[in-house]
Amino acid sequence: MGRQAVVVDPAKVEAAVGKVLDPHINVPLTEMGMLSKVAVDDTGDVDVALVLPCMGCPAFSMLKNDVKRQVLRVDGVRDVSVRFDWEAKWDRTQMSDRAKEYAASSGYRI
């Protein structure tokens, strides 16, 4: 007997990733422009790719674990793979206006 098809809404996965805050600026990863990709298959497996603002990010493991924990709460999700997209480049233009304003008011140069 095969697995039953599961429909996981990618928008709900993205919203779950948005519950994880950048530890340096306290802004959702989605508003930081750090969500590179969400892929969902029909078994409930989800692949999330993130882009980091810096290669030596000390929060590497924490971000990965926090994203996985939040995405596993989405209805229908069976398993989550969180990886970092080293081919994509992050820059400040990917930040939402709200994230830019918050970063600037917190002393970050934007």
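Leu29 makes contact (heavy atoms within 4.5 Å) with Val17, Val20, Leu21, Asp22, Met34, Leu35, Leu50, Leu63 and Val67, when residues up to four places away in sequence are not counted. The structure described here is a predicted model, in which local features need pLDDT of at least 70 and side-chain atom pairs count only at pLDDT 80 or more, whereas totals for chains, interfaces and linings use all residues. Residues are numbered from 1 along each chain as its sequence is written, and side-chain values use heavy atoms, with hydrogens and water left out.

The chain contains four helices and three strands, which are DSSP runs numbered from the N terminus (helices, H or I, of at least four residues; strands, E, of at least two). Along the sequence these elements follow the pattern α-α-β-β-α-β-α. The C-alpha atoms fill a box of roughly 55 × 25 × 20 Å, taken along the principal axes. Among contacts between residues at least 6 apart in sequence, 62% join residues at least 24 apart. Of the 110 residues in the chain, 36% are buried, where buried means under 20% relative accessible area, exposed means over 50%, and partly exposed covers the range in between (1.4 Å probe, protein chains only).

The largest nonpolar core has 29 residues, of which Leu29, Met32, Val48, Leu50, Leu63, Val67 and Val71 touch the most other members. Such a core is defined as a set of buried Ala, Val, Leu, Ile, Met, Phe, Trp, Tyr and Cys residues joined through side-chain atoms within 4.5 Å. Two or more residues are given to this core by each of helix H1 (10–17), helix H2 (29–32), S2, H3, S3 and H4. Leu50, found in strand S2 (residues 45–50), counts as buried because its relative accessibility is 0%. With residues up to four places away in sequence not counted, Leu50 touches Val17, Leu29, Met34, Leu35, Ser36, Val67, Val82, Arg83, Phe84 and Asp85. The C-alpha atoms of Leu50 and Val38 are 9.2 Å apart in space, and these two residues are 12 residues apart in sequence.

Aromatic pairs were assigned for rings of Phe, Tyr and Trp (its six-membered ring) with centres within 6.5 Å, planes under 30 degrees apart counting as stacked, over 60 as edge-to-face and the rest as tilted. By this rule the count comes to three aromatic pairs. The rings of Phe60 and Trp86 form a stacked pair, because their centres are 6.2 Å apart and their planes lie at 5°. This pair links distant parts of the chain, as Phe60 is in helix H3 (residues 60–71) and Trp86 is in the loop between strand S3 (79–84) and helix H4 (97–105), 26 residues apart. Phe60 is partly exposed, with a relative accessible area of 30%, and Trp86 is likewise partly exposed, with a value of 45%. Phe84 and Trp86 form a tilted aromatic pair, with 5.8 Å from centre to centre and 35° between the planes. Phe84 itself counts as buried, at 8% relative accessibility. Phe60, Phe84 and Trp86 form one aromatic cluster.

The C-alpha atoms of Met55 and Trp86 are separated by 8.6 Å, although the residues are 31 residues apart along the chain. Met55 counts as exposed, because its relative accessibility is 67%. Lys12, placed in helix H1, counts as partly exposed at 47% relative accessibility. The C-alpha atoms of Lys12 and Met62, 50 residues apart along the chain, are separated by 21 Å. In the loop between H1 and H2 is Asn26, which has a positive phi of about 60° although it is not a glycine. Asn26 is partly exposed, with a relative accessible area of 47%.

The mean positions of the 15 positive and 16 negative charges are 4 Å apart. In this count Lys and Arg are positive and Asp and Glu negative, while His and the chain ends are not counted, and the place of a charge is taken as NZ of Lys, CZ of Arg, CG of Asp or CD of Glu.
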